[in-house]
Amino acid sequence: MSQLLTIRQETTRNTKIALAVAAWLAVIAAWVLVTRWELISSYVFPTPGEVLQAFAPLFRERGLLENVYASWLRIGQAFLWCAIIAIPLGLFMASFRWLYDLINPVAAPMRSMPITAFLPAFIGLFGIGETMKVAFLWFGMFFYLLAVVVEEVNRVDTSLLETAYTLGAKRLQVLWLMFRASIPGIFASFRILYDIGWTYVILAEIVNRKKGVGAMVQSAYEFHRPDLVYAGIISIGVAAFLFRFSLTLLEKVLFPWRQLTQASEARVSVPSVRRGKAVPGGK
């Protein structure tokens, strides 16, 4: 118990699992109590059992897997174009200050703008087809990724660049060095970028509903099937989690040293208190 009350103390794997299970059990228990005591009308808030039963028609009649794949494909296309444009542009912005001073005054306010306000503009520019959906998702993710790239490139140690120049590296070689040094941090941000994509894809798919989880949930709502609506919401969360988990596994494969570095830094940053003195590294 004392370990749980220690500031910045890392928990064990078993403790993490137990806490996660306890949190979800608490959510489900609260859901059961709300529906049993009818604190919210059953007309709009189904019971957990009704939602669980709704998964079967969601697969058979609503094409759940097909809709999830359609949404993932849209997010994937937008994500690919984000990476192709934002990574080199962010690298150049962090490398050449004049370019940063030129682009950042426009890019910085865009990160604070509500993207939902731009949906009518994208419909007017691109129509209501796939191009609009992908462009809308790209716009929602691009400025976030651009800021992350600039930040990660700026974190590259200047001494590393000075060493490269001392060894006779040219400008292009130094840019490549900065890219290689910053790409692990950039890749780590892809998980959040996918979360942003799953958030905005629902809004994009409400327009001209054909395929996608957003269209599926909206159709269930219009037919007043709250059980299907909540089952669809849970399906979206599971799909987003699985894609995020896949990126986490891929990151461990591509950059295994990053996990070791973070673990060692965590151990060093947490002091252990013995006899009223803080000992670095917990020793």
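Which residue forms a salt bridge with Glu 66?

What we have here is a predicted model, where local features need pLDDT of at least 70, side-chain atom pairs count only at pLDDT 80 or more, and totals for chains, interfaces and linings use all residues. Residues are numbered from 1 along each chain as its sequence is written, and side-chain values use heavy atoms, with hydrogens and water left out.

Let's start with the overall picture. The protein chain has 11 helices and 2 strands. Helices here are DSSP runs of H or I with at least four residues, strands are runs of E with at least two, and both are numbered from the N terminus. Along the sequence, the pattern reads α-α-α-α-α-α-α-α-α-α-α-β-β.

Of the 283 residues, 35% count as buried. Buried means under 20% relative accessible area, exposed means over 50%, and partly exposed is in between, using a 1.4 Å probe and protein chains only. The accessible surface of the chain comes to about 17,700 Å², and 66% of that belongs to carbon and sulfur atoms. Those areas come from the Shrake-Rupley method with a 1.4 Å probe, and for residues, only the protein chains shown count as cover.

Now for contacts, meaning heavy atoms within 4.5 Å. Among contacts in the chain with a separation of 6 or more, 69% are between residues 24 or more positions apart.

The chain averages a pLDDT of 83, and 89% of the residues score at least 70. Confidence is highest in helix 4 (residues 97–110), at a mean of 93, and lowest in strand 1 (residues 272–274), at 44. Over residues 269–283 the pLDDT is below 50, and this stretch has 18 contacts in the model beyond near neighbours in sequence.

Back to my opening question. The partner of Glu 66 is Lys 211, and the closest N and O atoms of this salt bridge are 3.0 Å apart. Lys 211 sits in the loop between helix 8 and helix 9 (213–222), while Glu 66 is in helix 3 (residues 64–95), so the pair ties together parts that are 145 residues apart in sequence. Lys 211 is partly exposed, at 36% relative accessible area, and Glu 66 is partly exposed too, at 47%.

Why do such pairs form? Side chains of opposite charge can pair when their charged atoms come close. Our cut-off for a salt bridge is a side-chain nitrogen of Lys or Arg within 4 Å of a carboxyl oxygen of Asp or Glu. The whole structure has 9 of them.

Let me show you some others. Glu 10 meets Lys 16 at 3.9 Å, N to O, and Lys 16 is partly exposed at 44% relative accessibility. Glu 152 pairs with Arg 155, with the closest N and O atoms 3.3 Å apart. Look at the contrast in that pair: Glu 152 counts as buried at 15% relative accessibility, whereas Arg 155 counts as exposed at 56%. There is also a network of salt bridges linking Arg 74, Glu 130 and Glu 205.

Is Ser 235 buried or exposed? It counts as buried, because its relative accessibility is 9%. Ser 235 lies in helix 10 (residues 226–254) and touches Phe 55, Leu 58 and Leu 64, if we skip residues up to four places away in sequence. Ser 189, in helix 8 (residues 171–206), is buried as well, with a relative accessible area of 6%. Beyond its neighbours within four places in sequence, Ser 189 is in contact with Tyr 144, Leu 145 and Val 148.

Out on the surface, Leu 33, Trp 37, Leu 39, Ile 40, Tyr 43 and Val 44 form a nonpolar patch, with about 650 Å² of accessible area together. Patch residues have over 30% relative accessible area and no salt bridge; like charges are joined within 9 Å, and nonpolar side chains (Val, Leu, Ile, Met, Phe, Trp, Tyr) within 5 Å. Tyr 43 lies in the loop between helix 1 (13–36) and helix 2 (48–60), and is exposed at 55%.

Finally, find Glu 50 in helix 2. Glu 50 and Leu 228 are 178 residues apart in sequence, with their C-alpha atoms 8.9 Å apart in space.

Notes: pLDDT is the predictor's confidence in each residue, from 0 to 100.
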